[in-house]
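Here is a short report on one protein model. Look at the structure first, then read on.

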Amino acid sequence: MIRYSRYLMPTTKETPSDAEVVSHRLMLRAGLLRKVASGIYNYMPAGLRVLRKVERILREEMDAAGAQEILMPTVVPSELWKESGRWDAYGKELLRFKDRADREFCLGPTHEEVVTDLVRREVRSYRQLPLNLYQIQDKFRDEIRPRFGLMRGREFFMKDAYSFDADDEGAAESYRKMYDAYCRIFRRMGLDFRAVEADTGTIGGSSSHEFMVIADSGEDAIVSCASCSYGANVEKAECSLSGVAASGKGNGAAKEGAPVPGDTKGEPRKVPTPGKRTIEEVSSFLAIDPATLIKTLLFETSVGDVAVLVSGAHEVNEIKVKNHLGAEYVRLAGEERVRQVTGAPSGFAGPVGLSVRTIADLSVRSIASGATGANEKDAHLVDVVPGRDFVPEAYADLRMVREGDTCPRCAGALRFSRGIEVGHVFRLGTKYSEAMRAVYLDEGGKERVTVMGCYGIGVGRTAAAAIEQNHDDDGIVWPISIAPFEVAVIPVNVKQADVLAAAERVAEDLDARGVEVFFDDREERPGIKFKDADLTGIPVRITLGEKNVAAGFGEVRDRKTGETVRIPLPELADAAFALVGKKKAECAP
């Protein structure tokens with residue numbers, strides 16, 4: 001049992017001016033966090049209790065899945081990152097520095113290199129595989145714009161696990177075990193979540209899933225099917241090869257695979273379009289459907305300049321372009337580069353006669369006759385026929401999906417929601433083990449490269465996401481499995497001996513049963529105690545007031561539902577204990 005009068009949990013009524021999201025505001029107001037620097041925080045006692053509960057669930061499920069806990073250093077020598085090729089590729093988020101001997105180091109934002117180095121030194125035989133190692137550790141990423149409290153901080157706690165297998169089949173099984181463990185973890189935390197397909201990003205690998213907590217405040221758009229289990233983040237979401245709206249205007253929109261009306265017999269005609277650059281300006285000026293415009297965007301990539309074509313009704317997905325090209329980076333070309341390549345300002349580029357590598361989205365193949373930039377200022381071409389007037393290197397899914405598009409797995413409609421990424425699992429393959437020579441000897445004595453996977457969960461980010469999903473106008477509404485305490489016992493007036501004694505008896509009874517009790521023994525007004533209890537989000541509240549105690553009663557309140565029940569004093573602890581048990585059952589995996 002913890003007594004409030006001896007506990008450092010300084011609540012406040014004021015909303016901090018720099019807190020942009022609900023979780024940040026409430027964690028500061030509830031005395032869980034205090035800022036040290038941009039993106040760096042002190043965890044106060046109650047905030048640390050929340051993190052430790054998240055960590056306990058993580059450890060239990062990782063251990064149950066066969067992973068072994070280790071602890072790797074925060075400071076990592078540059079040599080390991082140079083071996084993997086990420087020292088220069090990772091970017092400015094990697095905080096680099098030198099020691100007194102002028103040796104280069106970094107603060108580890110992730111530990112693929114370190115764990116691969118560990119395994120290549122210790123694993124020699126197939127008999128030592130499969131192997132899964134995990135840690136829960138402090139990490140640092142020098143975010144360009146830290147914000148949203150623990151949602152996008154610079155220093156943070158993460159659970160990261162790394163699997164090593166003898167072959168792809170074993171790696172797939174390790175991935176499945178971690179995927180299933182993650183589902184149990186987030187169910188135990190009482191969170192509404194989705195596992196969605198995702199891009200592998202700077203980590204690399206062949207495939208990955210993000211675990212998203214559903215919340216209106218989420219930074220990430222999630223695409224899911226209304227009819228099947230398909231889900232992906234918006235960067236990864238695939239487009240159906242047929243039945244996708246090409247225009248997005250609803251009734252009468254052209255469909256992919258169906259021709260768009262136009263003149264397919266004559267040559268392209270140049271028409272003046274003075275000052276008309278945007279899709280809206282050009283389509284309105286030419287009195288055509290934006291779906292018949294062939295938008296041409298020039299990208300600078302690690303494999304050279306590439307023109308990407310897409311219907312004017314859609315937007316290019318740079319992640320898909322990057323993956324299609326197998327490029328290390330893809331970025332939209334600036335005005336000067338566009339002029340050099342096309343001979344015209346931005347807004348007037350087109351594929352006809354363009355002497356640069358060209359790829360096209362599937363939506364372009366649907367256009368029987370369209371309009372494009374003429375690679376000349378203030379001019380466009382009309383009656384342009386794909387395949388006749390230009391031939392792209394390839395057609396591929398290169399665009400962003402939209403609400404109502406057809407699911408790539410079934411005939412259902414795609415829908416959008418918002419989510420907060422709290423976990424990510426990757427099938428790395430041999431990207432790191434091959435680069436760093438993490439090998440083993442198979443049954444025949446032949447040297448083979450280990451196949452890897454990696455699996456991360458943000459500890460503080462998960463706690464913050466739980467608040468984003470579970471709060472009301474009065475404060476936090478913690479799922480009981482990660483709440484700092486399970487029951488708040490509030491004697492309304494501690495100067496009334498009978499009230500204080502009754503509250504002490506109930507608190508001690510629950511404490512003896514293993515319930516985490518927070519006893520508010522402060523000499524404060526009842527309203528302040530009630531507001532603080534709601535703000536801090538403790539799931540169950542027991543209130544003992546002078547009149548109720550005199551009549552032989554106390555009150556049990558459910559923080560989530562607001563339901564309050566008047567209970568005889570001898571049964572008060574039993575009623576609270578039963579409600580705690582009910583809430584724990586709701587968080588069962």
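Is Glu393 buried, partly exposed or exposed? Glu393 counts as partly exposed, at 47% relative accessibility. Buried means under 20% relative accessible area, exposed over 50%, and partly exposed in between (1.4 Å probe, protein chains only).

This is a predicted model: local features need pLDDT of at least 70, side-chain atom pairs count only at pLDDT 80 or more, and totals for chains, interfaces and linings use all residues. Residues are numbered from 1 along each chain as its sequence is written, and side-chain values use heavy atoms, with hydrogens and water left out.

**Salt bridges**

The structure holds 50 salt bridges. A salt bridge is a side-chain nitrogen of Lys or Arg within 4 Å of a carboxyl oxygen of Asp or Glu. The table gives some of them.

| Pair | N to O distance |
|---|---|
| Asp18 and Lys35 | 3.4 Å |
| Glu61 and Arg184 | 2.8 Å |
| Arg357 and Glu393 | 2.8 Å |

Asp18 lies in the loop between β1 and α1, and Lys35 in strand β2, so the pair ties together parts that are 17 residues apart in sequence. Helices (H or I, at least four residues) and strands (E, at least two) are DSSP runs, numbered from the N terminus.

Glu61 in helix α2 and Arg184 in helix α6 are 123 residues apart. Glu61 is buried, with a relative accessible area of 8%. Arg184 is partly exposed, at 25%.

Arg357 sits in strand β18, and Glu393 in the loop between β20 and β21. These two are 36 residues apart. Arg357 is partly exposed, at 33% relative accessibility.

There is also a network of salt bridges. It links Asp472, Asp534, Arg541, Arg557 and Arg559.

**Cavities**

A cavity is a set of points, on a 1 Å grid over the protein atoms alone, where a 1.4 Å probe fits but cannot get out; lining residues have an atom within 4 Å of a point. Grid points are joined across faces, edges and corners, and a volume is the space filled by probe spheres set on the points.

The count comes to 2 cavities of 30 Å³ or more. The largest cavity holds about 60 Å³ of space. Its lining residues include Tyr4, Phe518 and Ala533. Helix α14 gives the largest share of this lining, 4 residues.

The second largest cavity holds about 40 Å³. Among its lining residues are Ala533, Asp534, Arg541, Arg557 and Arg559. Asp534, Arg541, Arg557 and Arg559 also belong to the salt-bridge network.

Definitions and conventions: On a 1 Å grid over the protein atoms alone, a cavity is a set of points where a 1.4 Å probe fits but cannot get out, and a pocket is an open set with protein on both sides within 12 Å along at least five of seven lines; lining residues have an atom within 4 Å of a point.
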